[in-house]
Amino acid sequence: MTLAKDTTMHNRQNSLPVVRTANDLEKAVRKYRQQDLHGTELFRQWKAIRDAALNLELPAGEGDGIAGEDSY
């Protein structure tokens, strides 16, 4: 997991996670939970993790079928 420094808001020491794998996502969530964030920084960190999770490309499963659909 790499971290992208925020240069737009007063060059804060906190950084946003850059998630490329499911493992990176888990690490980012653990770090997020351990931090004592408030206000705007709390939202920024949450949004970065949320967006990364939504954009994470997970391996395709065997379709999006309904469990047991082959029994019909």
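Modeller: Asp24, Leu25 and Ala28 are the buried residues of α1, buried being under 20% relative accessible area and exposed over 50%, with partly exposed in between (1.4 Å probe, protein chains only). They lie on the same side of α1 because their arc around the axis, taken from the directions from the helix axis to the C-beta atoms, is only 100 degrees. This is a predicted model, where local features need pLDDT of at least 70 and side-chain atom pairs count only at pLDDT 80 or more, while totals for chains, interfaces and linings use all residues. Residues are numbered from 1 along each chain as its sequence is written, and side-chain values use heavy atoms, without hydrogens and water.

Colleague: Which exposed residues are on the face turned away from the buried side of α1?

Modeller: That face carries Arg33 and Gln34.

Colleague: And what covers the buried residues of α1?

Modeller: The cover includes β2 (15-18) and α2 (39-55). Helices here are DSSP runs of H or I with at least four residues, and strands are E runs of at least two, numbered from the N terminus.

Colleague: What does isoleucine 49 touch, leaving aside neighbours within four places in sequence?

Modeller: Isoleucine 49 is in contact (heavy atoms within 4.5 Å) with Pro17, Leu25, Ala28, Val29 and Tyr32.

Colleague: Switching topic, how confident is the predictor in the chain?

Modeller: On pLDDT, the predictor's confidence in each residue from 0 to 100, the protein chain has a mean of 74, and 60% of its residues reach 70 or more.

Colleague: Where does pLDDT stay under 50?

Modeller: Over residues 5-13, for which the model has 10 contacts beyond four places in sequence.
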